[in-house]
Amino acid sequence: MKPTDISAPDYFHKVVDCQWACPAHTPVPEYIRLIAEGRYSDAYMINWKSNVFPGILGRTCDRPCEPACRRGRVEDNPVAICRLKRVAADFKDDIKHRLPKPGPKNGKRIALVGGGPASLAVARDLAPLGYHCTVFDGDPKAGGMMRSQIPKFRLPDSVIDEETDYILGLGVDFKGGQRIDSLKQLLAENYDAIFVGSGAPRGRELDIPGRKEAAANIHIGIEWLANVSFGHVDKIGRRVIVLGGGNTAMDCCRTARRLGGESVKVVVRSGFEEMKASPWEKEDAIHEDIPILNYMVPVAFKHVAGKLIGVTFQKVKAEYDAKGRRNLVPSGEPDETIPCDDVLVAVGQENAFPWIEADCGIEFDKWHMPKVDPKTFVSTNPKVFFGGDAAFGPKNIIWAVAHGHDAALSIHRMLSGEDINERPLPEVHVSSQKMGIHEWSYDNDISADKRFKVPHRDKVVALKDIRTEVELGYDLKLALGEAQRCLNCDVQTVFSAPLCIECDACVDICPMDCITFTENGEEDDLRQRLKAPSPHHDQALYVSGDLKTGRVMVKDEDVCLHCGLCAERCPTGAWDMQKYLIDMVQAGSTCQSKARSAA
Amino acid sequence: MTYIAKPKFHHPGLKKNELGYTHRDYEGKISTLCAGCGHDSITASIIEACYELSIEPHRVAKISGIGCSSKTPDYFLGNSHGFNSVHGRMPSVLTGANLANRDLIYLGVSGDGDSASIGFGQFAHSIRRAVNMTYIVENNGVYGLTKGQFSATADRGSKSKKGVTNTDNAIDLVAIALQLGATFVARSFSGDKTQLVPLIAAAIRHKGASFIDVISPCIAFNNHAGSTKSFDYVREHNDAVNRLDVLVGREPISVDYAPGTVQLVEQHDGTRLALRKLDADYDPHDRLGAMTFLQKHAAKGQIVTGLLYVDPDAEDLHTHLDTVETPLNTLDEQALCPGSAVLDKINASLR
């Protein structure tokens, strides 16, 4: 293999698995260290810059970072990154003075359709640069689906108010209760750019016999959640069936438990393991005495005299064909009818753009989705950008934020007369953490603690009131313990071949057997000859240049604890621990040229 | 010295030996030696050899004297018996322990100061008495703890870190061990674990006095130009006569040896040593030949390494003294104190 080019910004970025997996590339280990130091406001601001909604995401994020977390490959569970983010939000001081100030207006006007996370992220990036941002939303308050679909017992209004206010306080114009019904009309108002962040607002139907007849007691999940959220609905029948296995279904069943549903069941077509809902959301539902029944396909709504009395299910089993594809086939068992008073249908969401006229210059693909450039988020109309669920279908908040940053950068470049296809490289800082012979600026003593559980409110109390938040969040002691579990993957092991005398000290001390000195070879061959097995080929091998004996140093990045013992035991300083920080490019970043600043 | 303990986490895919242990289970405390010390690599090699042999840690007694090398038993086999004895007195303590309990595996760990100066006599007598042990000298040619004076194994003409030339003749412990009748004699280099680990494993399985001289560069005081115990010097002048594979039990001999290049030696306990010859003329069963070979190569400035001599049918001190098979600590009172009638009989036989 060729020597690894550690000056390429992506190389060390990938080693920070959590940050690499995060759509917004939040510098996770950096803010976790700040939490451990008690610098909650600083930790919050790092998050705020990167993901815009730390308090909201700290309660609701889909956390792509956690399955990626290196700790999960070393022991049973990853670091509770998401809930540590909430710690930063919960314990910060007043940070208003640290927010950007509304810049002097530059005369450019941006319209943002929808007041959810994508639009707000765009406004957050552009308003301080002097753009006049106007956000339109059909609901009276900003937040979009964060406010309408996420139940209050998971995300209190106060948190949404606080974090949307930070953005609206930058001089953003919010037009609540003004749903945009015509893009054509909006285009006619001569905005310099339009951003569409209107989400995926339509719940998918379940068209089976009895749907029309029993309609009074069959509700579409996201619509029902919105009605609960705005106080239009405050009760449900005693026996409730929730159809669907995603996170919306989990929100529906837990909400139903709080509105009078005593016997609430979730029924899914697939197996329990394959459900789309995040494992922790399933856990929370089961904890609230909600059984999840699997391999049952709804075939009919049963009704008597226009009144729903139950749902009939066909029992199925999973079969795998020669290509390993799963098919659900009838298991041969008799159909089962589960009696119920109400049904909540949460079988998916769809995009809907009835308000975009055919002659607006926006082309749609065969799935009726707008054609959007995945890098710049521009549509086929160069002035109209899409982001969030409106761009590529239902995802989640953190993706919407990431789209918002990229779209804002495109809008800023376009309105500055720059090519939107040229994306500036991120700024990278790499600096040694050595403080003394065996002292580092980070805590390299690896905690052996298991993942700490987030305290929950007592179930009896929690189920009584739909607005009582269930999770209490970590207290400071638990937060410190959990923060100490972070392996500091951003403090990189940096190797210098010319300094190495091949004494083997690093090989002998490495607790994870990551380091091997051997003859060079092709990657597949090298992976066979490492000191420990190398099962994850997506994890890079760090290969040095030739050493004095003609061998090379090979380090498998996979399960490195970043404990720095290789550097402590190195007599010549060939190993050093260097902190890698990457500043993702956002609209208004100081470094907008293509210059690279790296190791 | 490193302040933190080595993390307990280990690679999830680490192999386990017959006892279900990983090599991490054979570790001791974290080393307090200087960063990069060759001794740490010898420590790692002992750990690896014991792991590969599936040795039960509580069956090992590690005994040492004084010096950097003699500190190392604290860094391996944390669950074994250990005795850190007086300077140079490891061999007599080991001999005594061995006579009292012949069931344990004895690892004597010493250095060039401990064995070639203050304990030179002790070293000599434990070898000539054929104590069943593995005697490892971690040889760096300097007194590291007192800041780098020449030791008795420093080569004449080699230079100290301050540039002083050594005018004394060197003691070659391997040559002495051969002359005194050691039945397993090897030399190796801390920077070459592929050679060292099997040598330690074979020595542990050898019944009789096994002696391994391991050249182990002192990073702080003896790794400069002019030293003959530096990484660079040893790598340039290393003349390995053979490579060793240790075969325990009935595992078949791997097939990737070219025919005629492997010599199989079966030891007392059934362990087979597969010796791949690197020097076609070298015969590890010829004690006299080995001594001559060593002298010739030393004169040319070469460091001969590998398994230099082995007598697979060796006997040990217990055989010579015809001692009881049972360790003394498991003999009952009747056996240990058979009564005055037996004493009278013994006394009568001596009159």
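**Entry 1: a strand pair in chain B**

I began with strand β7 of chain B, which six bridges join to strand β8 (residues 209-215) of chain B, the two running parallel. This is a predicted model, and I keep that in mind throughout these notes. Is β7(B), residues 184-189, mostly covered or mostly open? I found it mostly covered, with six of its six residues buried. Looking at the directions in which the residues point, I noted Phe184(B), Ala186(B) and Ser188(B) on one side of β7(B), and Val185(B), Arg187(B) and Phe189(B) on the other, all of them buried.

**Entry 2: two helices in chain B**

From α3(B) the contact is made by Pro91(B), Ser92(B), Leu94(B) and Thr95(B), while α5(B) brings Gln122(B), Phe123(B), His125(B) and Ser126(B). When I sorted the residues of this contact by kind, I had three nonpolar, five polar and no charged.

**Entry 3: chain A as a whole**

I then turned to chain A, in which I found 22 helices and 24 strands. Its radius of gyration is 26 Å, close to the 25 Å that the globule rule gives for 599 residues, so chain A is as compact as a globular protein of that length. Along its principal axes, the C-alpha trace of chain A spans about 90 × 65 × 50 Å. Of the 599 residues in chain A, 48% are buried. I also noted that, among contacts in chain A with a separation of 6 or more, 73% come from residues 24 or more positions apart.

**Entry 4: two sheets in chain A**

I reminded myself that strands of a sheet pair through backbone hydrogen bonds, either parallel or antiparallel. One open sheet of chain A has five strands in the order β3-β2-β1-β4-β16, with parallel pairing. Which strands lie at its edges? They are β3 (173-176) and β16 (384-386) of chain A, each pairing on one side only. The twist in this sheet averages 20° from one strand to the next. Within it, five bridges join β1 (residues 109-113) of chain A to β2 (residues 132-137) of chain A, and I picked out Leu112(A), whose bridge partner in β2(A) is Val135(A).

Another open sheet of chain A has three strands in the order β17-β24-β20, and here the pairing is antiparallel. Its edge strands are β17 (427-432) and β20 (491-495) of chain A, and neighbouring strands are turned by 40° against each other on average, direction ignored. I counted five bridges from β20(A) to β24 (residues 575-583) of chain A, with Thr493(A) standing opposite Met577(A) in β24(A).

**Entry 5: where the chains touch**

How many residues of chain A are in contact with chain B? I noted 30, and they meet 24 residues of chain B. The elements of chain A that give two or more residues to this side are α7 (71-74), α20 (505-509) and α22 (565-569). By kind, the residues on chain A's side divide into 18 nonpolar, three polar and nine charged.

**Entry 6: confidence**

Last, I checked the pLDDT of chain A, which averages 95, with 98% of the residues scoring at least 70. Over residues 592-599 of chain A, however, the pLDDT is below 50, although this stretch has 14 contacts in the model beyond near neighbours in sequence. Where pLDDT is low, the predicted coordinates should not be read in detail.

How values were computed: Residues numbered from 1 in each chain as written. Chains lettered and ligands numbered in written order. Predicted model: local features only at pLDDT ≥ 70, side-chain atom pairs only at ≥ 80, totals over all residues. Helix = DSSP H or I, 4+ residues; strand = E, 2+ residues; numbered from the N terminus. Rg over C-alpha atoms; globule rule 2.2 N^0.38 Å. Buried ≥ 20, exposed ≤ 12 C-beta atoms within 10 Å, placed from the backbone. Contact = placed C-beta atoms within 7 Å. Nonpolar A, V, L, I, M, F, W, Y, C, P; charged D, E, K, R; others polar. Pairing = 2+ DSSP bridges. Axes fitted to C-alpha atoms, helices over the stretch in contact; angles between N-to-C directions. pLDDT = per-residue confidence, 0-100.
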